[in-house]
Structure formats: structure tokens, C-alpha cells
Amino acid sequence: MYAKFHSIGAYAPSKVLSNKDLEKMVDTSDEWILKRTGISERRIAGDGEVTSDMATIASDIAIDRAGLEKSDIDLVVCATVTPDYFNMPSTACIISDKLGIKNVQAFDISAACSGFVYALSVAKAFIESGMKKHVLIVGAEKFSSIVDYTDRSTCILFGDGAGAAVISVTEDKSEAMIDIHASADGSYADFLVTPAPGTINPVSQRVIDEGLNFVQMKGNETFKLAVKTLTKDVKDILAKNSIDSKDIPHFIPHQANYRIIKAVGDALKMSKEQVVVTVGKYGNTSAASIPMAINDIYESGRLKKGELMLLDTFGGGLTWASALLPFAGETK
Ligand code: ACO
């Protein structure tokens, strides 16, 4: 039994937060943001629109595009660091309920920006072991809920959104996911951290006063490590599978900063046509970034059935992951 990437769906909220809008909120400029990050605008969830709402819309599209019924899904995995509730229930349980998927295993994964590729590795393992047949994986974030909009070093970067995929069983090896590599190093935990709420900092007046509920990032250190790790990870997975970077039609890196994407693409000798870039219009949507980018090339007709995708991501934890797989859905 093999696991195939059967379909993709995504959702971006309609509200746009532009660099010009941010100029009015913090001491920054459109020019600085564009030059240092490549981001022009990002989407922000509406009032009352929560992570599971965005995830449910993206999931509905993915299930439909796979030509399946909701009742065919036998596992729901949601990757998020901005869940509806910080401890329970899991966002995957809420998504299942909103979709009308009953009596199936559902759980969340916390791996920040690497969450979607982590979820992909879980789906692959469940399917190859024969335990599941059609796994719904979701990357969804309402990052605006943990961003301090008075901190110019982080608020310019992040956006909200969701992406989902159905991973299905197949006996056809040509459709199968080829390889996934996922890893972590907790000694860099302080590079990207939301200090509260948690057992270290339970909710208190101090948490509110000191803004410990907002994401904190060592931007420059993270940047350097991201370029190094992403490049090495891709080189490793390509070498292990004897594939040359020029034979990858779609390199889909985590969309955190255009300068990171460009540095990694150049180190791998990828042409502009090979590298998928959506960071300019969505910003960094963490676990949703990769599936939203896949959806973009699917909807524009660039992604054809059977074409190879190389996914590469990096995020808080620190975590990182790469995946090599053909798109096994129908061409749009
Ligand atoms: N507008 C204007 N100036 C700014 C802004 C801003 N929005 N933000 C920072 N600056 C200033 C700084 O204060 C600093 O000023 P100084 O020189 O007077 O001290 C100067 O710009 C340079 O700051 P740096 O932090 O060195 O700028 P850098 O070029 O590193 O860009 C950035 C910052 C965009 C955050 C970059 O470091 C980055 O993208 N880091 C990686 C982010 C990432 O990949 N995260 C991983 C995934 S996220 C996840 O997992 C959830």
C-alpha cells in the first residue's frame, strides 16, 4: 500500500492588511517591509472567524476535489499553533464536527510552520501501515490572534489562512509519495516562542501586562538558521532519492520571507519558474503556508497531475521538514 497526495484546497480570509495599513500602526514603511521580506499584504480573519472555520472551508474543497464523500475520511489531522482552544478540545475535533465527519480519529499537531509537512508524514505512515485509507490533513492558523500589533519586528510578517489535502491509499507506485524527512531541535526553542498560556506561564495579570501571550521571535538568528537548514534538508532528500534539483517542476518552500526563499532557491540552482512564491500576498501563514501555496499553483493551472513537488519548511520548535511527492490529483 502506498500513500498519494490526492487533492488540495485552501481558504484565505477576505480582509486585507496592507503594508500601508501597517504604516499607520507601527514605525515601519511599505518600502522596508517589501525590501526585507517581499511581503505586500496579508489576510486577516474576520471578527468571530476562527481557525476551525477557515480549516473547514479548505477541507470541504479538498474532499470535493478528491471526489470523495465526507464519510470516506477515516482520520483528521490538523496542524496549528493557533487552535480554537489552547488545550481542549482539539481543533481537529471541531473541524470534524463542522464537516459532519463522525466517529473517526481526530487530533492536532503542534510543529509551527512545519506542521503541514509533519501532518503529511503522519498520514503517509497511517496509510502505509494499512490503518487508514483517506486522511484529511489541514494546516490552519489565525496567527493574528497571537501577534502583537505594536511590535514591528513580528506584526509585519504574519497572516491568517488555511490549506487542506486528502491523502489516500493507492496500489499504483507511480502515484505514491516518494519520501518525507521531518526533524526538530528543541535547543533552539527560544528562537520562536509564545510564552503564554501554558504550564510555565498560566493565565495571570502578569501575562496580560507583559504581553506574554504574543509571539516572540529572534528574527535575525532564525533567518540565518532557516537558510542553512532548508538548503541542507533539500540537498539531503534529493541526494537520497537520486533526483536532480533541475528535475523538480515545483519547489514549494515555506513562505516566511522572500529573501529566505531566494537564498535557498539560488543555493539549489533553481530557476524562477521552479520556485513557488506566495509570501507577497499572504505573508507567513505558518502551518497553512505550504498548502495555500500548493493550492495557488493548482488553481492557476500550473500544477498538473503527476508532476513532482518538493516541499521544504522550517518553524518554531525548532522544527523542519521536507517532502518529495507527485501531485496525484486531477489537473484543474
Ligand atoms: N520596519 C522598520 N524597521 C524595522 C522593522 C520594521 N517592520 N523591523 C525591524 N526593524 C529594524 C530593526 O529595529 C533594526 O534596526 P537597528 O539596526 O536600528 O537595530 C533593523 O530594522 C534590522 O533588523 P533585523 O532584525 O536585523 O532585520 P532583518 O533583516 O533580519 O529582518 C525579519 C527582520 C524580517 C524579521 C527577518 O529576520 C526574518 O524574516 N526572519 C525569519 C523569520 C522566519 O523565518 N521565521 C520562521 C518561521 S515562523 C514560525 O514558525 C511561526
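Good morning. In this predicted model, the C-alpha centres of domain 1 and domain 2 lie 14 Å apart. The domain assignment of the protein chain places domain 1 at residues 2-172 and domain 2 at residues 179-326. My subject today is the interface between these two domains.

Let me begin with its extent. The size of an interface is often given as the accessible area lost when the parts come together. Here, about 3500 Å² is buried between domain 1 and domain 2, and carbon and sulfur atoms give 67% of that area. In terms of residues, 47 from domain 1 are in contact with 45 from domain 2.

Which side chains form a salt bridge? They are those of Arg 65 and Glu 299, with an N to O distance of 2.6 Å. The rule finds 1 salt bridge across the interface of domain 1 and domain 2. It also finds 16 residue pairs in polar contact across this interface, with both residues at pLDDT 80 or more.

Which elements of domain 1 supply at least two residues each to the side that touches domain 2? Among the strands, they are strand 1 (2-11), strand 3 (41-44), strand 6 (134-142) and strand 7 (160-170). The helices are helix 2 (30-37), helix 5 (115-128) and helix 6 (152-155). Helix 5 gives the most to this side of domain 1, with 7 residues.

Finally, the composition by class. The side of domain 1 that touches domain 2 has 24 nonpolar residues, together with 13 polar and 10 charged ones. Thank you.

Methods:
Residues are numbered from 1 along each chain as its sequence is written. This is a predicted model: local features need pLDDT of at least 70, side-chain atom pairs count only at pLDDT 80 or more; totals for chains, interfaces and linings use all residues. Side-chain values use heavy atoms; hydrogens and water are left out. Domain bounds come from an automatic or database domain assignment. Contact means heavy atoms within 4.5 Å. Buried area is the accessible area (1.4 Å probe) that two parts lose on being put together, summed over both. A salt bridge is a side-chain nitrogen of Lys or Arg within 4 Å of a carboxyl oxygen of Asp or Glu. A polar contact is a pair of N or O atoms within 3.5 Å; within protein, one must be able to donate a hydrogen and the other to accept it, and residues adjacent in sequence count only if both atoms are side-chain atoms. Helices (H or I, at least four residues) and strands (E, at least two) are DSSP runs, numbered from the N terminus. Ala, Val, Leu, Ile, Met, Phe, Trp, Tyr, Cys and Pro count as nonpolar, Asp, Glu, Lys and Arg as charged, and the others, Gly among them, as polar.
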